[in-house]
Amino acid sequence: MSDTFAPAAVLVTGGAGFIGSNFIHNFMAGNPDCRVVNLDILTYAGNLKNLRAVQDNPHYRFVKGDICDAPLVAQLLAEEKIDAVLHFAAESHVDRSITGPEIFVRTNVLGTQTLLEASRAHAATRPAFRYLQVSTDEVYGSLGSEGFFTEETPLAPNSPYSASKAGADLLVRAYFETFRLPTLNTRCSNNYGPYHFPEKLIPLMIHNIMEKKALPVYGDGLNVRDWLHVKDHSAAIERVLKQGKPGEVYNIGGNNEWRNIDIVHLVCDLMDERLGRAAGESRKLITFVKDRPGHDRRYAIDAAKTKRELGWGPSYTFERGIAETIDWYLANQEWVTEIVSGSYREYYQQQYGA
Ligand code: NAD
Ligand code: DAU
């Protein structure tokens, strides 16, 4: 399938975070002539070290700023002659949304509306303009042991995080229906890979195993997530940007369901091999802790539409992806150490105790 859209300049929001930075690496490698402007306020989750490989590229510009700053967003869209907005910026961690929901509404809902409004005005001057909202399978709520989320599944978010993402998705829909802003909306399952902030399950386990610290597993450990390598997510977003149909939602998933406890066992075993520890040693660190309130039981994405209409599918097997991810963390311990020695320490103490 050939591309229908070839942007000369894109605005990426949240490009210093986990998925945004991986997207920028991939996108700039495949689109060397496209200008990429990265707007990121650098919250605790934003890290310019994620972008060292592109920081001196003349086609790349970093702007430290807030997606809720309407004049700044309008100025960037105009002065950089932006052809597409790729909106990654968010508060992204479910546990933080339980202890402090307000910032989630500000960033995820108001931030999205600010970008949509600025895009609406800007699109009037650039007819080929596109707006892409990066969203999550969590907007669909929770599944039982059977079935999959399709794009037709009603939204039923359960955490303040997913409610704020669902609110944003509904605004995206409204800007298409009401103003005919050419919007695209992706909804992806759990990502893993390099630059994943160590508050999330997989990097948290890798780090704690390294440090021989307790491995906190919520509830009974039988909640299921569908894991996709971040580079496959990035490729899917690019495909949707270039070939997707405005007004449509596209599900993205790995068809790769794992119970949390099985993922933790796998990471323990792979780490034991690499660290030269006895088989089963790290599993002894597993500690079942109080469940996450409103913990969704199972997510599973049906990505058949994205495959059928855009020809996208994952390229990583989980076996290869998880092994490469663990090796990346082992080779980049300095990146993790800097994070865990900063303000993240206070969050960890509050979430997990001593
Ligand atoms: P992240 O928390 O790693 O990064 C978020 C980035 O947004 C950070 O760089 C942060 O500084 C920036 N940001 C936050 N508030 C901002 C503001 N007001 N203005 C400008 N920048 C701001 O998040 P992530 O895991 O990379 O997720 C990126 C997007 O993908 C989010 O929209 C998330 O909902 C979505 N998503 C994530 C996953 C996943 O598994 N991580 C899966 C599906 C969808
Ligand atoms: O599904 C997509 C979503 O995946 C994204 O929209 C979110 O931004 C992203 O953070 C992620 O949300 P989850 O809540 O699924 O990811 P997390 O890594 O926080 O947790 C994965 C599972 O592991 C979940 O069932 C909770 C459990 N868990 C998590 C942590 C941090 C534990 O058992 N122990 C832990 O310490």
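**Figure 1. Phenylalanine 88 and its neighbours meet ligand 1 through backbone atoms.** A backbone N or O atom of phenylalanine 88 lies 2.9 Å from an oxygen atom of ligand 1. This is a polar contact, meaning a pair of N or O atoms within 3.5 Å; within protein, one must be able to donate a hydrogen and the other to accept it, and residues adjacent in sequence count only if both atoms are side-chain atoms. Before we go on, please note that this is a predicted model, where local features need pLDDT of at least 70 and side-chain atom pairs count only at pLDDT 80 or more, while totals for chains, interfaces and linings use all residues. Residues are numbered from 1 along each chain as its sequence is written, chains are lettered from A and ligands numbered from 1 in the order in which they are written, and side-chain values use heavy atoms, with hydrogens and water left out. Back at the ligand, a polar backbone atom of alanine 90 sits 3.4 Å from an oxygen atom of ligand 1. Isoleucine 67 also takes part: a nitrogen atom of ligand 1 is 3.0 Å from one of its backbone N or O atoms. On its own, ligand 1 would expose 840 Å², and the protein buries 96% of that. Such accessible areas come from the Shrake-Rupley method with a 1.4 Å probe; for residues, only the protein chains shown count as cover.

**Figure 2. The shell around ligand 1 is built from 28 residues.** The nearest of them are Ile19, Asp40, Ser92, Tyr161 and Lys165. A residue counts as near if one of its heavy atoms lies within 4 Å of the molecule or strand in question. Which elements each supply at least two residues of this shell? They are α1 (18-30), β5 (130-136), α5 (160-179) and β7 (190-192). The largest share, 3 residues, comes from β5. Helices (H or I, at least four residues) and strands (E, at least two) are DSSP runs, numbered from the N terminus. Sorted by class, the shell around ligand 1 holds 13 nonpolar, 12 polar and 3 charged residues.

**Figure 3. Ligand 2 meets tyrosine 161, asparagine 190 and proline 216.** A polar side-chain atom of tyrosine 161 lies 2.6 Å from an oxygen atom of ligand 2. The side chain of asparagine 190 brings an N or O atom to 2.8 Å from an oxygen atom of ligand 2. Proline 216 uses its backbone, with an N or O atom 2.8 Å from a nitrogen atom of the ligand. Taken alone, ligand 2 exposes 690 Å², of which the protein buries 94%. How many residues surround ligand 2? There are 23, and the closest are Asp137, Tyr161, Arg292, His295 and Tyr352. Strand β8 gives the most to this shell, with 3 residues. By class, the shell around ligand 2 divides into 9 nonpolar, 8 polar and 6 charged residues.

**Figure 4. Glutamate 80 and arginine 35 form a salt bridge.** Side chains of opposite charge can pair when their charged atoms come close. A salt bridge here is a side-chain nitrogen of Lys or Arg within 4 Å of a carboxyl oxygen of Asp or Glu. In this pair, the closest N and O atoms are 2.6 Å apart. Glutamate 80 lies in the loop between α2 (70-79) and β4 (84-87) and arginine 35 in strand β2 (residues 35-40), so the pair ties together parts that are 45 residues apart in sequence. Glutamate 80 is buried at 12% relative accessibility, whereas arginine 35, at 24%, is partly exposed. Buried means under 20% relative accessible area, exposed over 50%, and partly exposed in between (1.4 Å probe, protein chains only).

**Figure 5. Arginine 274 and aspartate 327 meet in another salt bridge.** Their N-to-O distance is 2.6 Å. The pair links distant parts of the chain, with arginine 274 in helix α8 (residues 260-275) and aspartate 327 in helix α10 (residues 318-331), 53 residues apart. Arginine 274 is partly exposed at 30% relative accessibility, and aspartate 327 is partly exposed at 38%.

**Figure 6. Strands β6 and β10 pair in the parallel sense.** Strand β6 (residues 183-188) joins β10 over 5 bridges; two strands pair if DSSP finds at least two bridges between them. Cysteine 188 has isoleucine 252 in β10 as its bridge partner. Strand β10 (residues 248-252) is mostly covered, with 4 of its 5 residues buried.

Terms used
Ala, Val, Leu, Ile, Met, Phe, Trp, Tyr, Cys and Pro count as nonpolar, Asp, Glu, Lys and Arg as charged, and the others, Gly among them, as polar.
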